[in-house]
Amino acid sequence: MKKIVLMILSICVLFGFAGCTSNTDKMEVLEWTPSEIYTDEEIHSAIDVVCSDFRHWKGCKLDTITYAGDDVSIAHIDWATRYHFDQALVLVSSFSTNNNPEEPLEKNETYDNYKWILIRKDGGEWSHVDNGF
């Protein structure tokens, strides 16, 4: 009997989570100038990392995201060398907050040109190391 109750509760929880929407679901990936450093696949991989991290931002909705460009990424290579990595990639986004965001974000604001700095070593997986203006 306990197994049946646990199974029913597990199914209810599973369907409950399936009804939740993510704060990145309606995000638009904007086109970028083709990179001479990274493939589109590598850039999309970095976007996936940011989206995964952003899902934990309560009271926020990611509106747009795109690659900042080769010049901006090269200008942030110091982030990679600081961690003994060899590549840096910068994304820019726009996101909005509701009336109850986590501090230090302002209520009911839109944050444009918000940067996300990612690094990696030897073409491996991207790591998100910093964000902001």
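Trainee: How many of the 11 residues of β4 are buried?
Mentor: Eight of them are buried, so β4 is largely enclosed by the rest of the structure, where buried means under 20% relative accessible area, exposed means over 50%, and partly exposed lies in between, with a 1.4 Å probe and protein chains only. Keep in mind that this is a predicted model, in which local features need pLDDT of at least 70 and side-chain atom pairs count only at pLDDT 80 or more, while totals for chains, interfaces and linings use all residues. Residues are numbered from 1 along each chain as its sequence is written, and side-chain values use heavy atoms, with hydrogens and water left out.

Trainee: OK, and what is the strand order of the sheet?
Mentor: The order is β1-β2-β3-β4-β5 in an open sheet of five strands with mixed pairing; strands are DSSP runs of E of at least two residues, numbered from the N terminus, and two strands pair if DSSP finds at least two bridges between them. At the edges are β1 (28–29) and β5 (127–132), each of which pairs on one side only.

Trainee: How many bridges link β3 and β4, then?
Mentor: Nine bridges pair β3 (residues 87–97) with β4 (residues 110–120) in the antiparallel sense. Within that pairing, Ser93 has Tyr114 as its bridge partner, and Ser96 stands opposite Thr110.

Trainee: And what about β4 with β5?
Mentor: Those two run antiparallel and are joined by five bridges, with Lys115 standing opposite Gly132 in β5. They form a hairpin with six residues between them, and Asp122 in the turn has a positive phi of about 55 degrees.

Trainee: Switching to Asp63, is that residue buried or exposed?
Mentor: Asp63, which is found in strand β2 (residues 60–67), is buried, with a relative accessible area of 18%.

Trainee: Which side chain does Asp63 make a polar contact with?
Mentor: The side chain of Ser96, at 3.3 Å, where a polar contact is a pair of N or O atoms within 3.5 Å, and within protein one must be able to donate a hydrogen and the other to accept it, with residues adjacent in sequence counting only if both atoms are side-chain atoms. Leaving aside neighbours within four places in sequence, Asp63 is in contact (heavy atoms within 4.5 Å) with residues including Lys26, Glu28 and Phe95.

Note on methods
Helix = DSSP H or I, 4+ residues; strand = E, 2+ residues; numbered from the N terminus.
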